[in-house]
Every structure is written in structure tokens, then in C-alpha cells.
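Here is a short tour of one protein chain and the ligand that sits with it. Keep the 3D view open as you read, and follow the residues as they come up.

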Amino acid sequence: MIVLGIESSCDETGVALVETAGTQVPVLRAHALHSQVEMHQAYGGVVPELASRDHIRRVLPLAEQVLAEAGCRLPDIDVVAYTRGPGLAGALLVGAGVACALGAALGKPVLGVHHLEGHLLSPFLGQDPPQFPFIALLVSGGHTQLMQVEGVGSYRMLGETIDDAAGEAFDKSAKLLGLGYPGGPALSRLAQQGDPAAFKLPRPLLHSGDLDFSFAGLKTAVLTQVNKLGGELQARKADLAASTEAAIVDVLVKKSLAALESSGLQRIVVAGGVGANRLLRAQLDAACRKRGVRVHYPELALCTDNGAMIALAAAMRLQAGVEQARLSYAFDVKPRWPLDALAGA
Ligand code: KG4
Ligand code: ZN
């Protein structure tokens, strides 16, 4: 079975083809991506209307590209999958519209996929695929969640952010430091030249006894430091970046360990854009090694938004029999869509 996946929930247009055989983990045949980062940079963040318009321009050329790369033709596609949510409504509508039109034209079934399920399952496309059950740490620009994953479609929320997401904390702090958009990678790069202990920044909810997160206070603390430093900011920027990254990573690692401990599970999957963060990977790896816990990451190129994870999630849902693709082409999108509401969606 060949599944075409289309991702257009935010500022990346991603298209991919995966192939499944029986119950084996799907194989990625080709994927192509266009990032809108440069276009949004001038505005310091994603401009939703510009995002939608750019998805329209990019999606078909990207689809042609993956078909050519995989040596496939349109009639070879068995299922067309797309991101149904969560994300920007206008951006989601582009992918959903194109996927359903393609399905209708080819007479092939379509399947709307949850963006976060794509992130969560993305390590299955890596060199070291996980096995169920596991804890999932989902850390993206819009979400910070710890989930207990029993199998495809079985996701129990253990904790989540009560305000900003981890990626948002990176992005907003980076903006305060004048590092532009997207801030995560830029802040992380600068942090390598700084001292993580230079500034004492808060670790919100670290000892809350639950698995929830809060990052809004950290952003305020960074703002306070920026104002205090005034003209000295330039000289201390790397130290402040390093201290900010250390605070975010510290909370993510400690809460992940608490989730592993309370669930008794020995396996964790890290997914979403912040999963590309070097310090997070190093600290989580070290802590898990000590405890005999296996950590799985997606390939670096599949940490941020992409079409491969959407095609993969669709393929795995179909393989597991938790959902059927439909031969009806009316569509909706779900800009807000909790992952644990997915059962029976
Ligand atoms: O998963 P993703 O591509 O999009 C969403 O679904 O939100 O995640 C994007 C987020 C952004 O906030 C970006 O700053 C952050 O991931 N990010 C990073 C790194 N690479 C991307 N944050 C910290 N360190 C990185 N290396
Ligand atoms: Zn994402």
C-alpha cells in the first residue's frame, strides 16, 4: 500500500510517500519539504494568511517531486492522507482541500491525520524504531505534552503545559534577545558559547508533584534580565541564552523522568521541533542511560514538521485497523484538537 501524506498545518509544506507491506513498519519512499521560515522572518513570526497562500503555491510541485523521486505515478497512490489539525485553519484547509480533490480525481480514499500523532510516531521511520508501550514527550512550537502510549491510537495525557509551549518559550526568549524567528535553533546555537549557570532563572512547576508544565514565567524572567542588563545585554547575551535553554531543558528532563517513574515504563520517545535540541538530547540520554531507559528520537530532518510523519501516521492507523480511509471527499479541519480525543475520531 502506498500512502501520500500532505502536511500544511503551519509554516512548512511537506509531502511524502510511504509504503507498507503487511504489518511491517512503513518505509519512507520519498519526502519533500518547503519551509516558509524566510518569508515569515520579516514579520518576526508566522503570518497565517501568507502561510496559506504559500502552501497553495508549493503543494503540487512538491507532490510531483516526491512521485518522481519514488518512481511512482499518481495512480500508484492507494491512500491520500493530510493533516486535519491542530494548526492554522487556513493553512490546514489547503492540505485538506488538495488531498480530497486528489482522492476524488483518482477515486482513492482519503484520511485526515492528527498532526501530533504524526510527530509522536515519527521515530518509527528512524534507524532505531521504538516498541509499544512508551512515554512520549511531545515538544513543539504549540504543544508540550507527556503522553502514555499503549499502541497506535491509544494516547493517555499525563501532563501538559498550562500556558506557553516549550518551543514558544524558546521562540519568545529568542525574540527578547533579538535573535529573530524561529528562535529555538538560534537561541540554542548562541547558548553553546554561554554559561548556563550565569543567570538564575525559574524552573516553573518543577516541584509541583504533577506532570504539568508552565513556561510563561520563564519568559517574564528573561524579559526582566534583558531590561536589567540594558546596554550590557550584548556582552551577556550568550550567557542569558545558555541559562534560558538550561532552564527549559531541566524542566523537560525532570518531568519526563517523573513520567517514566510513575508509569513504570522503560522507554521514551521524544518528538516535535524542540526534540532537535542538542542539550535536551544530551541530558535526557545521560539521565536515561543511568536508569536503563531507552530513548528514541526521530531522524533530525523529521523532528520539525514534515509530510513523512503524516503519511506514516495514516499508514500505521490503517495497519492497526483503528481507522478506515474514506471514499467521501467532503472535509473539515480541526484547528484545535486534543490528541487524547482521537480515539474514535
Ligand atoms: O514541531 P514543530 O516544527 O512545529 C510545531 O508543530 O509547532 O516545532 C517548531 C518549534 C519552534 O518553536 C522552534 O523554535 C523549535 O521547535 N525548535 C527548537 C530547535 N529546533 C526547532 N527549539 C530548540 N532547539 C532546537 N534545536
Ligand atoms: Zn509540528
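## Ser214 and its neighbours

Leaving aside residues up to four places away in sequence, Ser214 touches Thr161, Ile162, Asp163, Pro204 and Leu205. With one of these, Asp163, the contact is polar: the two side chains are joined at 2.7 Å. Keep in mind as you look around that this is a predicted model.

Where in the chain does Ser214 lie? You will find Ser214 in the loop between helix H6 and helix H7, the latter running over residues 216-229. Is Ser214 buried or exposed? The relative accessible area of Ser214 is 11%, and buried means under 20%, so Ser214 counts as buried.

## Around ligand 1

Now turn to the ligand. Ligand 1 is surrounded by 17 residues, and the closest are Gly141, Asp171, Gly184, Gly273 and Asn277. Sorted by class, this shell holds 11 polar, 4 nonpolar and 2 charged residues.

Backbone atoms are worth a look here. A polar backbone atom of Gly141 is 2.7 Å from an oxygen atom of ligand 1. For Gly142, a polar backbone atom is 3.4 Å from a ligand oxygen. Gly167 also takes part, with a backbone N or O atom 3.2 Å from an oxygen atom of ligand 1. On its own, ligand 1 has 550 Å² of accessible area, and the protein covers 87% of that.

Which elements give two or more residues to the shell? They are helix H4 (115-121), helix H5 (166-176) and helix H6 (183-191). Helix H5 gives the most, with 3 residues.

## The chain as a whole

Stepping back, the chain contains 10 helices and 10 strands. Its radius of gyration is 20 Å, close to the 20 Å that the globule rule gives for 345 residues, so the chain is as compact as a globular protein of that length.

Of the 345 residues in the chain, 55% are buried. Contacts also reach across the sequence: among those between residues at least 6 apart, 73% join residues at least 24 apart.

Technical notes. Residues are numbered from 1 along each chain as its sequence is written. Chains are lettered from A and ligands numbered from 1 in the order in which they are written. This is a predicted model: local features need pLDDT of at least 70, side-chain atom pairs count only at pLDDT 80 or more; totals for chains, interfaces and linings use all residues. Side-chain values use heavy atoms; hydrogens and water are left out. A residue is near a molecule or strand if one of its heavy atoms lies within 4 Å of it. A polar contact is a pair of N or O atoms within 3.5 Å; within protein, one must be able to donate a hydrogen and the other to accept it, and residues adjacent in sequence count only if both atoms are side-chain atoms. Accessible areas come from the Shrake-Rupley method with a 1.4 Å probe; for residues, only the protein chains shown count as cover. Helices (H or I, at least four residues) and strands (E, at least two) are DSSP runs, numbered from the N terminus. Ala, Val, Leu, Ile, Met, Phe, Trp, Tyr, Cys and Pro count as nonpolar, Asp, Glu, Lys and Arg as charged, and the others, Gly among them, as polar. Buried means under 20% relative accessible area, exposed over 50%, partly exposed in between (1.4 Å probe, protein chains only). Contact means heavy atoms within 4.5 Å. The radius of gyration is taken over C-alpha atoms; the globule rule is 2.2 Å times the number of residues to the power 0.38.
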